[in-house]
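Here's a quick briefing to read with the model open beside you. Take it topic by topic, and look up each residue as you go.

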Amino acid sequence: MKKICLLCVAFIATLTAKAWDYDILISTRNTSLLFSANQGEELRFSYYGDKITPAQIGQVHDAWIGMNRPAYPAFGMDCTRSHALQVVHPDGNMTLDLVVDHIEERDTENATLTIITLKDKVYPFFVKMNYNAYKNSDIIELWTEILHTEKKAVTLQRFDSGCLPIRRADVWVSHLSGNWISETYVTAEPLQRGMKVIKNTDGARNAQGAHPEVMLSLDGKPQENEGRVIGAALCWSGNYKIRIDTEDHHSHTLFAGINEEASEYKLEPKTTFTTPKLAITYSEEGLSGASRNFHRWARNGQIHGGDKQRDILLNSWEGVYLDVNEQEMENMMREIAAMGGELFVMDDGWFGDKYPRDHDNSSLGDWVVNKRKLPHGVEGLIATARKYGIKFGIWIEPESTNTRSELYEKHPDWVIRVPNREPRYGRGGTQILLDLSNPKVQDFVFGVVDDLMTKYPGIAYMKWDANLPLFNYGSSYLPKDKQSHLYVEYHKGLEKTLQRIRAKYPDLVMQACGGGGGRTSYGVMPAFEEFWLSDNTDAMQRIYMQWGTSYFYPSIAMAQHVSAAPNHQTGKSIPIKFRFDVAMTGRLGMEIQPKDMNEKEKAFAKKAIATYKDIRPVIQFGDLYRLVSPFDKKEVASLMYCTPEKDCAVFFAYKLDHYANQVIAPFRMAGLDATKYYRLREINVPDGEKPCHLDGKVVSGKLLMTVGLDIPLHKEYASRVFELNVVN
Ligand code: GLA
């Protein structure tokens, strides 16, 4: 790896005649963020975009390229504009007037952290603006620390993580939204006058509806591989609000932070409120370029174990649902091992003694094995997995309980509910959320994982589910005057618990699941290797969901499972090749009853799993280039992964619509080396079929990227996968 200086942070105290006393330049390898300030005045945002050098700062100011907007507008003095921070002081004063106090810079192994401390002109109230610029990805994380030494608590009414002005132009926002079994659909829309708000109020999971991430295409309608794009991802697992304000003639302003609704926070003197991080990136290579920046950053620490190859697994859910039993578990283990899989995960249904988990209306909280279903216990299953040469994983949902459970009988005060009202229940009519603001509940949740790992150290993987929103707003732990802290404290409690688990069990592989894709969130991902994207495993719909998710999340974290035909959610019968071709673009797995597969399907699966093992490094660690978006309605979709060295790539194409005399445009590739030649090899070809005419052909990177290839996609549900290798 070449070692170059990736980052430059400069504080330039100008002695010559220039507009500002201070210019604070925060740079990554290819991007720069510039703030300016005069002594004792407000911090101003000047510029975010392509990298500039300290010598160019003068040009940015002189030619009015810089924007001169408040960097973190606080309510009060200029109360005509949208703001990022709003407080009430103990004396009832609702204003802040923050000015630059001092600036620090700290170098860490991977990043340079710049802290700009702002201080109110009158009150002992401080805001530390943190900017962490990563050396190995073009990502800058923004967050604030809010603290004071006033006599009594200050009430925080709004407390955004950051704010980013963007020049007014034909700017489009792309964002994800959906619902259970139809997660992460992409909406791209031009920013119009007014306020665009993207928010979540689930309370427990925050990616089931909208998503706390956006892409802003600065040059009109979003393009995958062209144009300037700013991406932003809020790293918070609870309620959030992203606001894009277009009320100014000259700018759009992005605000992002914890959703302030029902969340007033009373900040005691000498305590610090730290907002979640907002990760921003800038790319001139379109949406895909911004995605690659997020992916690199994610693999380098924002997802757990981002540098570790993922196993190919079989999950039992769609195979047996709650009908878990020892014989069936063994059958499934034998079958996945025979197909070349590496891990078996026993999903819901294995636990509960007094109240066996036979239905979804009982047992959460009672994390003891059900001996009727599994007479030889979890240890027996681990031994069986070993016999077949695979690893073993297990499902838990530790943040919830059911009223039909021993846990609830013992600790009714541990749930989130309102004292004088009949609770509203979730799944099964009995499910209720535990109050993670309570340290005793945090200990319990930690203990769920700790007990299982202590009793059964052979567990290699845990699926951590969360099927419930936060109903019944009320905590018996939080004091009366701090009930409005619940949304925030739940997630701080969750974060603390996950950190404890990770400190003790760094090698346990964990999946974040939120009743489908509800936990696809950088708020939790530092503790999880991967997330479950959706309870919808229909390959055709998955193309859309995976596409949207890949805007922000890397393939290595995306659990993608081949399931049955007909599909359990949509009833569609999709050929096994298409199902594999779709699942193989992420962390491949299966979620199927193998005994219902015919011999042809099993043979295909075995071959496809072996093929995936060959291409796994490119898929899981390579650079993603999305080529033809399914949302562009071009009747096909296509994407590819390339190694950073550009010596190897894997290309995927899918047919979405099917009719006679269909015209499909050539597929233009991306991410290759224009000066090199590549040999194409068609992979995942079903037995008895021949690879297409392109198999074995050698074509230059330039032709592949400029002219492209006609890929034969004749039949309904046609799909093709090619491996490309540089020819010496
Ligand atoms: C949720 C998950 C599923 C499965 C079930 C088990 O719905 O998303 O994958 O684990 O719970 O009850």
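**Charges over rings**

Arg 500 sits over the face of Phe 446, 4.1 Å from the centre of the ring. Keep in mind that you're looking at a predicted model.

- How many aromatic pairs does the structure hold? The count is 30.
- One of them is Tyr 544 with Phe 631, an edge-to-face pair with 5.3 Å from centre to centre and 85° between the planes.
- That pair links distant parts of the chain, with its two residues 87 residues apart. Tyr 544 belongs to helix α9 (residues 539–549), while Phe 631 is in the loop between β32 (623–628) and β33 (636–642).
- Why is the pair of Phe 578 and Tyr 654 edge-to-face? Their ring centres are 5.7 Å apart and the planes meet at 65°, and pairs with planes over 60 degrees apart count as edge-to-face, so this one gets that label.
- Are Phe 578 and Tyr 654 buried or exposed? Both of them are buried.
- Rings can also join up into a cluster: ring pairs link Phe 294, Trp 297, Tyr 522, Phe 531, Tyr 551, Phe 552 and Tyr 553.

- Searching the whole structure turns up 4 cavities of 30 Å³ or more.
- The largest cavity holds about 100 Å³ of space. Its lining includes Ile 543, Trp 547, Met 558, Leu 624 and Arg 626.
- Tyr 654, the partner of Phe 578 in the ring pair above, is also among the residues lining the largest cavity.
- Which elements give two or more residues to that lining? They are α9, β30 (558–562), β32 and β33. Of these, α9 gives the most, with 3 residues.
- Sorted by class, the lining of the largest cavity has 7 nonpolar, 4 polar and 1 charged residues.
- Two domains take part in the lining of the largest cavity: domain 2 (313–621) and domain 3 (625–726) each give at least three residues.
- The second largest cavity has a volume of about 60 Å³. Among the residues lining this cavity are Thr 537, Arg 542, His 561, Arg 579 and Val 582.
- For the second largest cavity, α9, β30 and α10 each supply at least two lining residues. By class, the lining has 4 nonpolar, 5 polar and 2 charged residues.

- The biggest share comes from α11, with 5 residues.
- By class, the lining of this pocket has 10 nonpolar, 3 polar and 11 charged residues.
- Domain 2 (313–621) and domain 3 (625–726) each give at least three residues to the lining of this pocket as well.

**Backbone details to look up**

- Where is the cis peptide bond? It runs from Ala 565 to Pro 566, with omega near 0°. You'll find Pro 566 in the loop between β30 and α10.
- Trp 64 isn't a glycine, yet its phi is positive, near 55°. Trp 64 is in the loop between α1 (57–62) and β5 (69–70).
- Why does Trp 64 count as exposed? Its relative accessible area is 73%, and exposed means over 50%.
- Asn 68 also has a positive phi, near 50°, and lies in the loop between α1 and β5.
- Asn 68 has a relative accessible area of 34%, so it counts as partly exposed, between the cut-offs of 20% and 50%.

Technical notes
Residues numbered from 1 in each chain as written. Predicted model: local features only at pLDDT ≥ 70, side-chain atom pairs only at ≥ 80, totals over all residues. Heavy atoms only, no water. Phe/Tyr/Trp six-rings, centres within 6.5 Å; stacked < 30°, edge-to-face > 60°. Helix = DSSP H or I, 4+ residues; strand = E, 2+ residues; numbered from the N terminus. Buried < 20%, exposed > 50% of the residue type's maximum accessible area, 1.4 Å probe, protein only. Lys NZ or Arg CZ within 6 Å of the ring centre and 35° of its normal. 1 Å grid on protein atoms, 1.4 Å probe; cavity = no way out; pocket = protein on both sides within 12 Å on 5 of 7 lines; lining within 4 Å. Points joined across faces, edges and corners; volume = space filled by probe spheres on them. Nonpolar A, V, L, I, M, F, W, Y, C, P; charged D, E, K, R; others polar. Domains from an automatic or database assignment.
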